[in-house]
Amino acid sequence: MARYYDVHPENPQPRIIGQVADLIRRGGLVAYPTDSCYALGIQLGNQDGLDRIRQIRHLDDRHHFTLVCRDFAQLGQFVQISNSVFRLVKASTPGSYTFILPATKEVPRRMLHPKKRTVGVRVPRHTVTQALLAELAEPLVSSTLVLPGDEEPMTQGWEIKERLDHQLDAVLDAGDCGKEPTTVIDLSGPEPEILRRGAGDVSRFE
């Protein structure tokens, strides 16, 4: 059964954040809130966790996992950012965007798109997410929590606990969060390509 943590959305209790971070470090899979709906998160390098996320969401090996980073500086350790896209990414972080970019060697091979060698990255605004990232001192490997057959992502912690109780290790509930997933922009090619229109404004990428 998944542990259920009720955390304050603006002033998350450090004790709870520390417990969730420890669970992630021990190989746990958690559902946590972001400013763009709930996500599934694991520690970087957790191969079993990747398989568990793929199983829950029915994903194939072409799915882009996302590295959720604390800030732009941390993001830059895991992706190659050319001069032409530097300002675009910098101006859009933190925010409701996921960027697809060529990965550095810091990213485990199993996380990468098999042909493009790319990975998704984002920097969220959500206070609880930022507290968890600060405690971990490394990115969270994440995937939007949309279950097979559902049209929209999950947005309620209690419902996630109810539906995925035996498939997760913890649910971190901070109340209502964003109901719209991130806008996904592929910046790995010569021109920006909008892969998913979501919460982020796309005008600067068109």
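**Figure 1. Strands β9 and β10 of the predicted model pair side by side.** Strand β9 (residues 183-186) and strand β10 are joined by 3 bridges and run antiparallel. Within this pair, Ile-185 stands opposite Ile-194 of β10. In general, the strands of a sheet pair through backbone hydrogen bonds, and the pairing is either parallel or antiparallel.

**Figure 2. Ten strands make up an open sheet.** The 10 strands follow the order β1-β8-β2-β3-β7-β4-β6-β5-β9-β10, and their pairing is mixed. At the edges lie β1 (3-6) and β10 (193-196), each of which pairs on one side only. On average, neighbouring strands of the sheet are turned by 35° against each other, direction ignored.

**Figure 3. Helix α4 has buried residues along one face.** Which residues of α4 (residues 83-91) are buried? They are Val-85, Leu-88 and Val-89. Seen down the axis of α4, these residues fall within an arc of 95°, so they line one face of the helix. An α-helix has 3.6 residues a turn, so residues three or four places apart point the same way. On the other side of α4, the exposed residues are Asn-83, Arg-87 and Ala-91. The cover over the buried residues of α4 includes α3 (72-75) and β5 (97-102).

**Figure 4. The largest nonpolar core contains 43 residues.** The members that touch the most others are Leu-67, Phe-99, Met-111, Val-119, Leu-145, Ile-160 and Leu-168. At least two residues of this core come from each of β3, α2, α3, α4, β5, β6 (118-122) and α6 (157-164). When neighbours within four places in sequence are left aside, the contacts of Leu-67 include Leu-44, Phe-78, Val-107, Met-111 and Val-119. Leu-67 is also in contact with Pro-139, Leu-140 and Val-141, among others.

**Figure 5. A domain recorded in UniProt covers residues 14-200.** The unreviewed UniProt entry lists the feature at these positions as "domain: YrdC-like". Over residues 14-200, the chain is 29% helix and 23% strand. The end C-alpha atoms of this stretch are 30 Å apart.

Terms used: Residues are numbered from 1 along each chain as its sequence is written. This is a predicted model: local features need pLDDT of at least 70, side-chain atom pairs count only at pLDDT 80 or more; totals for chains, interfaces and linings use all residues. Side-chain values use heavy atoms; hydrogens and water are left out. Buried means under 20% relative accessible area, exposed over 50%, partly exposed in between (1.4 Å probe, protein chains only). Helices (H or I, at least four residues) and strands (E, at least two) are DSSP runs, numbered from the N terminus. The arc is that of the directions from the helix axis to the C-beta atoms. Contact means heavy atoms within 4.5 Å. Two strands pair if DSSP finds at least two bridges between them. Axes are lines fitted to C-alpha atoms, for helices over the stretch in contact, and angles run from 0 to 180 degrees between N-to-C directions. A nonpolar core is a set of buried Ala, Val, Leu, Ile, Met, Phe, Trp, Tyr and Cys residues joined through side-chain atoms within 4.5 Å. UniProt positions are given in the numbering used here, feature names are shortened, and annotations may be inferred rather than shown by experiment.
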